[in-house]
Amino acid sequence: MSKVGAVLGILNDNFEKRKTVFSVSKESLTSWAKDLNIKKGTETIIYTGHMYQLMPITKSATSIYENFEESSLMNFAPVGRFINKFVDLSSMSKYAAKPEKKEEERFNKCLQNIYQLLKYAGVEAGYLYEDELYVGTLLYDNGIDEPLINQAKILNKILKNNFVKNIITVDPHTTHMLRKVYKKILPEFDYNVKNYIEVLFEKKIKPQNKLNMTLAIHDSCVLARYEEVIEEPRNLLKNAGVDCVEPELSRKLTHCCGGPIESLFPKKAKEIASKRANDLLSCSNVVTTMCPICLLNLKESTPAKDNFLDLSEILVKAYL
């Protein structure tokens with residue numbers, strides 16, 4: 001078994017056995033919603049897909065893997081996969097490189113921003129809390145489809161039990177998985193799925209403050225190419241007094257952030273992200289992203305980490 005095959009095998013085994021790729025406690029996954037008094041279930045729900053919550057441990061795990069990527073220790077990756085069947089190795093990364101508290105707080109804050117923006121738009125969304133599942137984005141991006149069928153069936157049952165009809169997603173990948181991929185592999189997975197950016201745009205929310213600022217916008221490849229959500233974020237920003245500048249590769253031609261290969265080739269992923277980050281920073285010293293994976297990869301590839309902001313961090317300043 002190759003080293004890459006072993007790493008993919010570990011991710012696959014984790015998903016099949018533990019329903020996720022990186023082990024994070026249910027308390028951590030749902031902590032963003034603490035004190036927001038969000039109802040359980042309901043006809044319309046906000047669905048995080050765990051993407052924002054997984055970014056801090058993804059950062060620490062990728063950092064560890066990057067140090068070993070070209071080491072002879074990687075020859076033992078197949079052994080690691082065997083051990084992982086009995087001991088969750090992904091959960092060990094939090095001890096080897098503990099996720100930074102400030103990262104956890106920032107990504108949780110992004111989710112809180114999104115929920116508050118939806119509330120401002122008049123959308124009363126519930127939440128599945130500990131019943132919410134990771135949808136398997138990382139496996140799908142790496143060409144592993146088979147385990148997704150069982151996950152789609154389990155999630156479909158959970159959604160039915162909670163009388164859900166409308167799903168508001170918070171990141172591009174979960175939007176695509178629930179709107180297109182799950183529907184394709186499980187025809188009865190039939191829900192009205194929209195990204196929160198689409199919902200805010202449709203609700204025609206009015207800004208409370210004009211920001212009068214310029215920023216560079218980085219399109220998510222999934223959101224722009226596969227879901228064709230392109231004008232909505234630009235209009236929300238424009239209405240808030242933001243002048244959006246775009247690099248040469250934008251919209252459906254947007255440049256990769258390196259995210260799809262970070263679990264397999266973290267050094268190459270960082271090279272790709274660094275190139276994209278420099279392109280964006282050459283347009284403006286403030287950059288916004290619409291995906292937690294893009295945000296993490298781009299900001300970690302450059303010393304100008306603080307110049308990269310999630311779209312929700314911009315919108316909340318204008319609309320709340």
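Two strands are said to pair if DSSP finds at least two bridges between them. In this predicted model, strand β2, residues 166-169, meets that condition with β3, the two running in the parallel sense over four bridges. One of the residue pairs involved joins Ile-167 to Val-193, its bridge partner in β3.

The pairing of β2 with β3 belongs to an open sheet of three strands, ordered β1-β2-β3 and paired in parallel. β1 (44-47) and β3 (192-195) each have a single partner strand and stand at the edges, so one side of each is left without a neighbour in the sheet. From one strand to the next, the twist averages 25°. Helix α9, formed by residues 172-185, lies across β1, β2 and β3, and runs at about 165° to β3.

A further open sheet contains four strands in the order β5-β4-β6-β7, and its pairing is likewise described as parallel. Its edge strands are β5 (242-245) and β7 (308-310), each of which pairs on one side only. Averaged over this sheet, neighbouring strands are turned by 40° against each other when direction is ignored.

With β5, β4 pairs in the parallel sense over four bridges, and Thr-214 stands opposite Asp-243 in β5. With β6, β4 pairs in the parallel sense over two bridges; here Ala-216 has Val-287 in β6 as its bridge partner.

Two helices may next be placed against this sheet. Helix α13, residues 266-281, lies across β4, β6 (287-289) and β7, and its direction is at about 95° to β7. Helix α15, residues 311-319, lies across β4, β5, β6 and β7, running at about 70° to β7.

Attention now turns to a contact between helices. α6 and helix α14 (residues 292-300) pack at an angle of about 140°, and their axes are 12 Å apart. The crossing in which α6 passes α14 is right-handed. On the α6 side, the contact involves Glu-103, Arg-106 and Phe-107, which meet Pro-292, Leu-295, Leu-296, Lys-299 and Glu-300 in α14. The residues of this contact between α6 and α14 comprise four nonpolar and four charged, with no polar residue.

At least two lining residues come from each of α2 (26-30), α3 (51-68), α5 (93-96) and α6 (101-120).

Definitions and conventions:
Residues numbered from 1 in each chain as written. Predicted model: local features only at pLDDT ≥ 70, side-chain atom pairs only at ≥ 80, totals over all residues. Heavy atoms only, no water. Axes fitted to C-alpha atoms, helices over the stretch in contact; angles between N-to-C directions. Contact = heavy atoms within 4.5 Å. Left-handed = near helix turned anticlockwise from the far one by under 90°. Nonpolar A, V, L, I, M, F, W, Y, C, P; charged D, E, K, R; others polar.
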